[in-house]
Amino acid sequence: MGFWFEEAASPGHRLQWKVIRELYSGTSDFQNIHIVETEEFGVAMILDEIMQTTAGDEFIYHEMLASVPLLSHPHPSRVLIIGGGDGGLAREVLKVPGVDTVVMVEIDPLVIEVARRFLPGHTQSLNDPRLTIQCEDGAAYVRATAHSRDKFDVILVDSTDPEGDGPGQFLYTPAFHTDILGALSPGGIYVQHTGAPFYNPEVLTDVSRDVARQFPICQVYWCAIPTYPGGIFTFTAGSLGPDLTHPQRTAPYPTRYYTPAIHAAAFVLPPFLQELVGPSKDGGTRA
Ligand code: SAM
């Protein structure tokens, strides 16, 4: 019989997925966690009533959050992931040649446990010997790293959205970006998702303008993700050197969305996005 899962993208727009059956429902110290089997997008993870990832279209988001920065960096060996408990981003990062150390700092161990049970396509690389999983607040981990010698070449934030009172909200603040600067090695690259501009334009505006203020280079790119509100989904990058708008290396691994041409095109912003990001050239804003 099934039912419809409904997500409120905004007060005036709701998205619905036809659910065949619910596979898991639970509450951790941080959020409500649901796993459902949807008719059109396969198995999906929902956190605090927000669709996080589906087996059907997760490749788009994870390929673009991993391949764009990692193929723009000349030699990314140490990578830090904040969030990413479903495992999809770690899977993509570990495909990139030269990556020898990945630390995934996920605040909620129950997300990882549930993903291992119900999202095998996402979690296939979680036993890779190069991967270390820390279950703690990513903000605290980055702050500690900023005061240590163990820096990272690339830092990727794959967290829940900043809206509401979830654990992801501090990851969108200027103070966090300052800590990120301290945790990056020379020539490092930082990327975080900055959401769906039709529904939360202030996230993209606030983050891109603060990253442009604190980093020598700030560049925004986007892709189309069917199960995120409005389809258009953005990423904001801060760089200490590399220009992300063109890949320095090709992807010697199979991809279903990412290509070098898609990489370059992703930085071409339609005017309404450019306005949200502020004055820039080729999708890049230089401080
Ligand atoms: N792809 C999804 C998206 O675009 O919204 C993100 C999916 S992933 C499951 C989001 C993860 O971020 C969750 O598992 C959540 O527990 C984690 N998270 C949120 N805030 C965090 C924090 N401060 N430190 C570490 N992990 C955090």
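The model is predicted, so local features need pLDDT of at least 70 and side-chain atom pairs pLDDT 80 or more, while totals for chains, interfaces and linings use all residues. Residues are numbered from 1 along each chain as its sequence is written, and side-chain values use heavy atoms, with hydrogens and water left out.

As for the layout, the chain splits into domain 1 (3-52) and domain 2 (58-277), with bounds from an automatic or database domain assignment. Their C-alpha centres are 23 Å apart. Where the two touch (heavy atoms within 4.5 Å), domain 1 brings 21 residues and domain 2 brings 18. The ligand lies between the domains, because both give residues to the shell around it.

Of the 24 residues around the ligand (a heavy atom within 4 Å), the nearest are Gln31, Glu106, Asp137, Gly138 and Pro167.

Now for the polar contacts, pairs of N or O atoms within 3.5 Å. The side chain of Glu106 places an N or O atom 2.6 Å from a ligand oxygen. For ligand nitrogen, a polar side-chain atom of Asp137 sits at 2.9 Å, and a polar backbone atom of Gly138 at 2.8 Å. Overall, the protein covers 99% of the 590 Å² of accessible area that the ligand has on its own, by the Shrake-Rupley method with a 1.4 Å probe.

Note on methods. A polar contact is a pair of N or O atoms within 3.5 Å; within protein, one must be able to donate a hydrogen and the other to accept it, and residues adjacent in sequence count only if both atoms are side-chain atoms.
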